[in-house]
Amino acid sequence: MEEIKLVITGMGAVTPVGVGVKAYWRSLVEGRCGVGPITRFDASGLPVQIAAELKDFDPADHMPKSLARTMDPFMQFAFAAADEALRDGGLAVAAESDRIGIVMGTAMDGVTTVAQTQAAFDAGSRVGPRFVPMAIGNIAAAQIAIAHGIHGPSLTLNTACSAGGDAMMTAAMLLRTGEADAVLAVGGESILCPIVVSGLSQAKALSRCNDDPAHACRPFDLNRDGFVIGEGGGAVLIETEAHALARGAEIYAVLAGYANTSDAHHVTAPCPDGAGAAACMKKALARAGLRPDEIGYINAHGTSTPLGDKAETLAVKAVFDGRDGAPPISSTKSATGHLMGAGGLTEAIACVMALREGVLPPTLHLDTPDPDCDLDYVPNRARRADISAAMSNSLGFGGQNSSIILSRYQK
């Protein structure tokens, strides 16, 4: 039996460098960086005082104010991205609401609501009735379903920083088992609160370049010193090819391959030789039926941590037959910061745009190459390239590995 082909027909992005896919992509190509001093709260007493905040996002532009007040920021970002993807895809939800599903990915759910509520409670305030629905992860998908009348499968994944990629994989599984004809894969994240920043600082995971935030996130650079927290949302509408063609949808790309593996090594550190990530990429390639040399671009996880970037470099070399066999790679986190559960979606969107526009977004601030990270990371400037397939990798705490392969669509 011929395997069902899955296609991308809608996209939505809410990022620190642009709200909406067009603005997001333009900023990536132009090399705009969204990192700056934290303004959401007073961070002066913390060792890390920088982040990639969403400063151009007004919830009232995307939803009623009364609805926005009932949602944690991660839900608002996911909601706006999902709304854009559905509009972009032109899907008439009401006509087939029980055949449309949602898979939501997030790493830390409504942690900012939890932190703010606890602080207010300690100061003597009462806990309001909206606290629990604003804190738990699945309500992001529930709000999207309620707003659009989606009655099909609804699942929420919490697989750390691989959650966005895993949402796409789970959506694909639902489609291929006939549970739905179209699935919205969504990611949302907002973890900017003092306790999270402090905790990640103490774990030595974050960059401490407080005096130069614009250059703090520098994946694969010799002087990198940790990742930068970002926030945002991403969404892609995935359908069976037959369903998309039947309704005359524009098809942006094929979801050709996907995989998930576990390092089984450490709760925060990656496997030093990148074996788990390499296994994930190999499985995704096998699912796609592609050879390594058919991948024209990799959007790397590339968080700018000393251990992570080196391990990912080794993983790529293991899969692509060494340095000479590896395709061009970039980390768009150098522009957006680390969007955690939303990153897998926004980075997959960057791959779709690279396929369609023939442009590879750059890795910003790569000024001093690390001898241990010696691949082609498309440093500092976007590059023209005609590619037919791209890979997006997301690697998370706990040894979570996700790899997504997208390819150019041909009937």
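A pocket here is an open set of points, on a 1 Å grid over the protein atoms alone, with protein on both sides within 12 Å along at least five of seven lines, and its lining residues have an atom within 4 Å of a point. A volume is the space filled by probe spheres set on the points, which are joined across faces, edges and corners.

Before you start clicking, note that this is a predicted model, where local features need pLDDT of at least 70, side-chain atom pairs count only at pLDDT 80 or more, and totals for chains, interfaces and linings use all residues. Residues are numbered from 1 along each chain as its sequence is written, and side-chain values use heavy atoms, with hydrogens and water left out.

**Stop 1: the second largest pocket**

Select Met-11, Val-21, Lys-22, Trp-25, Glu-84, Arg-87, Asp-88, Tyr-252, Met-353, Arg-356 and Glu-357, which line the second largest pocket. Its volume is about 240 Å³. Helices H1 (21-30), H3 (73-89) and H13 (343-357) each give at least two residues to this lining; helices (H or I, at least four residues) and strands (E, at least two) are DSSP runs, numbered from the N terminus. Colour by class and you will find six charged, five nonpolar and no polar residues. Here Ala, Val, Leu, Ile, Met, Phe, Trp, Tyr, Cys and Pro count as nonpolar, Asp, Glu, Lys and Arg as charged, and the others, Gly among them, as polar.

**Stop 2: the largest pocket**

Now pick Thr-268, Ala-269, Pro-270, Thr-305 and Phe-397, the closest to the centre of the largest pocket among its 36 lining residues. This pocket holds about 680 Å³ of space. Show helix H11 (306-319) next: with six residues, H11 gives the most to the lining. Strands E14 (389-396) and E15 (400-407) also supply at least two residues each. The lining divides into 18 nonpolar, 14 polar and four charged residues.

**Stop 3: the cavity**

A cavity is a set of grid points where a 1.4 Å probe fits but cannot get out. The space inside is about 30 Å³, and its lining includes Cys-280, Glu-312 and Asn-393.

**Stop 4: the nonpolar core**

Select Met-11 again, this time with Met-168, Val-236, Ile-238, Leu-255 and Leu-406: these have the most contacts inside the largest nonpolar core, which has 47 residues. H13 contributes the largest share of this core, nine residues. A nonpolar core is a set of buried Ala, Val, Leu, Ile, Met, Phe, Trp, Tyr and Cys residues joined through side-chain atoms within 4.5 Å; buried means under 20% relative accessible area, exposed over 50%, and partly exposed in between (1.4 Å probe, protein chains only). Zoom in on Ile-238, which touches Leu-6, Met-168 and Leu-255, among others; contact means heavy atoms within 4.5 Å.

**Stop 5: the aromatic pairs**

How many aromatic pairs are there to find? The count comes to two. Rings of Phe, Tyr and Trp (its six-membered ring) pair if their centres lie within 6.5 Å; planes under 30 degrees apart count as stacked, over 60 as edge-to-face and the rest as tilted. Phe-57 and Phe-77 are edge-to-face because their planes stand at 85°, with ring centres 5.1 Å apart. Both Phe-57 and Phe-77 are buried. Finish at Phe-220 and Tyr-377, a stacked pair with 3.9 Å centre to centre and 10° between the planes.

Definitions and conventions. Lists of a residue's contacts leave out its neighbours within four places in sequence.
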